[in-house]
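Colleague: I have the model open now. Can you walk me through the packing?

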Amino acid sequence: MMVEMLASALLLRILGAVAGIAACLVTIVMLRPGESTTVQVVGVLALGLLPQVMDVVDLRYQAAMNTRPVMVLRSGAFLLFALVRCLVLLNDGTLLQLAMASTAEILFAGTLLRYLAYRDGDVLQ
């Protein structure tokens, strides 16, 4: 039962992420057709929706009332990329670089969640 629920949640999150990315890109192109930087920033930030599908791993840990591993991974990813974003700002980085750092944080956290699921023998193998 748990396997089917997690698989359904994963599928719905994937479909939602793809739809969200498409909606963001279509909307920004329609609203700001001549502003390539704005379109690029929104595109990079919208891509951050895709790694968030791995949040389904968090559901498994919440169901088992064991959220500590997920919180440690997310906190570590946040702290690491907070430092990266500070470095981008201190080096006069662009808005696009800042958006890339934010998306990289989400990608890194998603990768760590995938590793956690693999390590613990979760259904997402």
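**Helix packing**

Modeller: Start with α1 and α3, which are roughly antiparallel to each other. Angles over 145 degrees count as that; under 35 is roughly parallel, 65 to 115 roughly perpendicular, and the rest oblique. This is a predicted model, so local features need pLDDT of at least 70 and side-chain atom pairs 80 or more, while totals for chains, interfaces and linings use all residues. Residues are numbered from 1 along each chain as its sequence is written, and side-chain values use heavy atoms, without hydrogens and water.

Colleague: At what angle do α1 and α3 pack?

Modeller: About 150°, with the axes 9 Å apart. Axes are lines fitted to C-alpha atoms, for helices over the stretch in contact; angles run from 0 to 180 degrees between N-to-C directions.

Colleague: Step back. How many helices and strands are there in the chain?

Modeller: Five helices and zero strands. Both are DSSP runs numbered from the N terminus: helices are H or I, at least four residues, and strands are E, at least two. The C-alpha trace spans about 50 × 35 × 20 Å along its principal axes. Of contacts between residues at least 6 apart in sequence, 70% join residues at least 24 apart.

Colleague: What share of the chain do buried residues make up?

Modeller: 30% of the 125 residues. Buried is under 20% relative accessible area, exposed over 50%, partly exposed in between, with a 1.4 Å probe and protein chains only.

Colleague: Which residues of α4 are buried?

Modeller: Val70, Leu73, Ala77, Phe81, Arg85 and Val88. They pack against α3 (56-63) and α5.

Colleague: How close do the axes of α4 and α5 come?

Modeller: Within 9 Å, for α4 (residues 68-90) and α5 (residues 95-119), crossing at roughly 160°. That makes α4 roughly antiparallel to α5. Their contact has 18 nonpolar, two polar and three charged residues.

Colleague: How far does α4 reach from its first C-alpha to its last?

Modeller: 33 Å for 23 residues, close to the 33 Å expected at 1.5 Å a residue. The expected span is 1.5 Å times one less than the number of residues. After α4 comes Asp92, with a positive phi near 55°.

Colleague: Now Asp58. Buried or exposed?

Modeller: Asp58 is buried, at 8% relative accessible area. Asp58 sits in α3. Beyond neighbours within four places in sequence, Asp58 is in contact with Val70 and Arg74.

Colleague: Last one. What is the angle between α1 and α2?

Modeller: About 170°, for α1 (residues 2-31) and α2 (residues 36-47), with axes 9 Å apart. That makes α1 roughly antiparallel to α2. Ile21, Cys24, Leu25, Ile28 and Val29 of α1 touch Thr38, Val39, Val42, Gly43, Ala46 and Leu47 of α2. By class, that is nine nonpolar, two polar and no charged.

Technical notes: Nonpolar A, V, L, I, M, F, W, Y, C, P; charged D, E, K, R; others polar. Contact = heavy atoms within 4.5 Å.
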